[in-house]
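Please open the structure in your viewer and follow this short tour, which goes from one selection to the next and says what is found at each stop.

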Amino acid sequence: MTARFEIKIGGLHSIGALVPEFRPTHLLGILDPSTPEPAIYDHDPDSRTTLLLRFQDIDASEPDGPSAEHVREIIAFADQVRGAHARSPARLLVHCHAGISRSTASAYIALARDFGLERAGDAFRALLRTTVNPWPNRRLVSLADDALGAKGRLLAPLDAYRETNIERLESMMAYHRLLMEAARGDEPDSTE
C-alpha cells in the first residue's frame, strides 16, 4: 500500500497559522458567498494549488447551499491531490469558516477518493483522527455518494457517527444560528 497524502482541516481562526506551518501543496477553501478571501491566501501562493468554493453551510437542497457542481469540483481536486502525491508528497489543507462541517465533509470526500469506496469506513475513521470536532455536512457527502455511484457507502459511516453523537446536534444548530445572525448583522435574541 502506498503512503497517503497528508491532510489537515482548519477554520478561519486557524488557517493563518496552518498555512505557513503545514505548507500545503493543495488548499481547498470553502467560504460563505460574502466572506472575503482570507489574507493568508497571499502567503506564498505559488507554492500550492488552490480551489476556493463559495456556498452556505446548509444541510439541505437550497440555492446558496452545496450543489452537485461543487461536489464535482471537490472530487476533481481530490483526484488532483492524489495524482500529485504519486509524483511527490502532497499535503492537503481543507478549511471552511469554522472547520467543522463543510471542510470535514470535503476532507472525508478526499479521503474516500484516496481509500476507495469499498473502504469508506476506514476513510471516515481517518477523518476522525484528523480533526477533533467534526460534524460533516451531510448534503455534501450525499451529493458525493451520488456522484461516485457509492450507493450509500459514503453515507453509512457518517450516519452512524451522527446517530452515536446525536447530543452534538443541538449545539451545532445553536452554533449555526449564531453564525447566521452574525452574517445578517442581527443581535442575538436576549430572551433565549
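Begin by selecting helix 2 (residues 68-87) together with helix 5 (residues 138-147), which pack at an angle of about 75° with their axes 9 Å apart; helices here are DSSP runs of H or I with at least four residues, numbered from the N terminus, and axes are lines fitted to C-alpha atoms over the stretch in contact, with angles running from 0 to 180 degrees between N-to-C directions. The two helices are therefore roughly perpendicular to each other, a term that covers 65 to 115 degrees. Next, show the side of helix 2 that carries Ala68, Val71, Ile74 and Ile75, which make the contact with Leu140, Leu143, Ala144 and Ala147 of helix 5 (contact means heavy atoms within 4.5 Å).

This is a predicted model, in which local features need pLDDT of at least 70 and side-chain atom pairs count only at pLDDT 80 or more, while totals for chains, interfaces and linings use all residues. Residues are numbered from 1 along each chain as its sequence is written, and side-chain values use heavy atoms, with hydrogens and water left out.

Now select Arg138 and Asp159, whose side chains meet in a salt bridge at 2.7 Å, N to O (a side-chain nitrogen of Lys or Arg within 4 Å of a carboxyl oxygen of Asp or Glu). Arg138 lies in helix 5 and Asp159 in helix 6 (residues 155-164), so the pair ties together parts that are 21 residues apart in sequence.

Finally, move to Asp114 and Arg82, a salt bridge with its closest N and O atoms 3.8 Å apart, where Asp114 belongs to helix 3 (residues 102-115) and Arg82 to helix 2. Asp114 is buried at 17% relative accessible area, whereas Arg82 is partly exposed at 31% (buried means under 20%, exposed over 50%, partly exposed in between, with a 1.4 Å probe and protein chains only).

Notes: Parallel < 35°, antiparallel > 145°, perpendicular 65-115°, else oblique.
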